[in-house]
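Have the viewer ready, and take the topics in any order you like.

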Amino acid sequence: MNSSPSPRIVVREVEPEEYEAAGELVVQSYITAGILSDDRGYDRILRDVSGRANSAAVLVAVDGVDVVGTGTVALAGSEHAEIAHGSEAEFRYFGVRPDMWGHGIGHQLVEEAENIAGRLGATDIVMSVIAHNSPALAMYEQHGFRRIPERDWYPAPDIALLVLHKQL
């Protein structure tokens with residue numbers, strides 16, 4: 001697979017007509033990666049792009065007119081920030097269309113998330129990664145994110161989330 005970014009990909013904030021596509025994309029990405037195998041209701045949260053666009057910055061990666069990636073930046077204290085505190089922003093609800101994995105789209109989304117977080121006034125950015133998602137962990141580490149094990153958490157007894165941090 002090619003890991004260099006596609007020159008046609010544009011990363012920007014989501015438009016209302018893209019909410020459904022972005023929500024479905026992140027669900028399919030999580031299912032394909034094996035991190036949403038049981039329906040615990042989280043798929044409804046992932047699909048609710050319109051709900052989070054009101055209080056967070058929802059990004060999309062677009063190839064022409066097709067949404068091929070998405071992620072959300074939420075400031076600490078907002079309804080979509082679970083682990084961010086103080087002057088941190090949180091990057092979450094991240095996914096790339098499975099047939100586009102390996103094309104650098106995730107890297108573009110992470111870079112824009114960092115830019116947005118800085119523009120929103122955050123001094124740091126944090127995220128949670130499910131423990132067995134080694135490819136995502138490696139990508140985030142390439143961007144300078146580092147584990148902070150003392151903040152790891154379990155939203156359910158069988159789901160271990162690792163917390164990563166980067167100073168902006």
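Leaving out neighbours within four places in sequence, Ala 81 is in contact with Ala 74, Leu 75, Ala 76 and Glu 90, where contact means heavy atoms within 4.5 Å. This is a predicted model, so local features need pLDDT of at least 70 and side-chain atom pairs count only at pLDDT 80 or more, while totals for chains, interfaces and linings use all residues. Residues are numbered from 1 along each chain as its sequence is written, and side-chain values use heavy atoms, with hydrogens and water left out.

- Ala 81 lies in the loop between strand S3 (66-75) and strand S4 (88-96); helices (H or I, at least four residues) and strands (E, at least two) are DSSP runs, numbered from the N terminus.
- With 16% relative accessibility, Ala 81 counts as buried; buried means under 20% relative accessible area, exposed over 50%, and partly exposed in between (1.4 Å probe, protein chains only).
- The C-alpha atoms of Ala 81 and Asp 48 are separated by 15 Å, and the two residues are 33 residues apart along the chain.

**Strand S4 and its partners**

- S3 and S4 run antiparallel and are joined by six bridges; two strands pair if DSSP finds at least two bridges between them.
- Ala 74 has Glu 90 in S4 as its bridge partner, and both of these residues are also among the contacts of Ala 81.
- S4 and strand S5 (residues 124-130) run parallel, with three bridges between them.
- Ala 89 stands opposite Ile 125 in S5.
- S4, helix H4 (residues 105-119) and S5 make a right-handed β-α-β unit; a crossover is right-handed if, with the strands pointing away from the viewer, the path from the first strand over the helix to the second runs clockwise.
- Nine of the nine residues of S4 are buried, so the strand is largely enclosed by the rest of the structure.

- Tyr 93 is placed in strand S4 and counts as buried at 3% relative accessibility.
- For background, most residues other than glycine have a negative phi.
- The charged end of Arg 52 sits over the ring of Tyr 93, 4.0 Å from its centre; a charge sits over a ring if NZ of Lys or CZ of Arg is within 6 Å of the ring centre and within 35 degrees of the ring normal.
- Arg 92 also lies over the face of Tyr 93, at 4.1 Å from the ring centre.

**Aromatic pairs**

- The structure holds four aromatic pairs; rings of Phe, Tyr and Trp (its six-membered ring) pair if their centres lie within 6.5 Å, and planes under 30 degrees apart count as stacked, over 60 as edge-to-face and the rest as tilted.
- One of them is the tilted pair of Tyr 30 and Tyr 42, with 6.4 Å centre to centre and 35° between the planes.
- Tyr 30 lies in helix H1 (residues 19-32) and Tyr 42 in helix H2 (residues 42-47), so this pair ties together parts that are 12 residues apart in sequence.
- Tyr 30 is buried, with a relative accessible area of 13%, whereas Tyr 42 is partly exposed at 27%.
- Tyr 140 and Phe 145 form an edge-to-face pair, 6.0 Å centre to centre and with 65° between the planes.
- Tyr 140 counts as buried at 4% relative accessibility, and Phe 145 counts as buried at 0%.
- Phe 91, Phe 94, Tyr 140 and Phe 145 form one aromatic cluster.

- The 14 residues of H1 should span 20 Å at 1.5 Å a residue, and its end C-alpha atoms are 20 Å apart, which agrees; the expected span is 1.5 Å times one less than the number of residues.
- The buried residues of H1 pack against H2, helix H3 (49-53), strand S2 (57-63), S3 and S4.
- Ser 29, in helix H1, is buried at 7% relative accessibility.
- Not counting residues up to four places away in sequence, Ser 29 touches Gly 95, Val 96, Pro 98 and Trp 101.
- Just after H1, Gly 34 takes a positive phi of about 80°.
- H4 has 15 residues and reaches 21 Å from its first C-alpha to its last, close to the 21 Å expected at 1.5 Å a residue.
- Gly 121 follows H4 and has a positive phi, near 100°.
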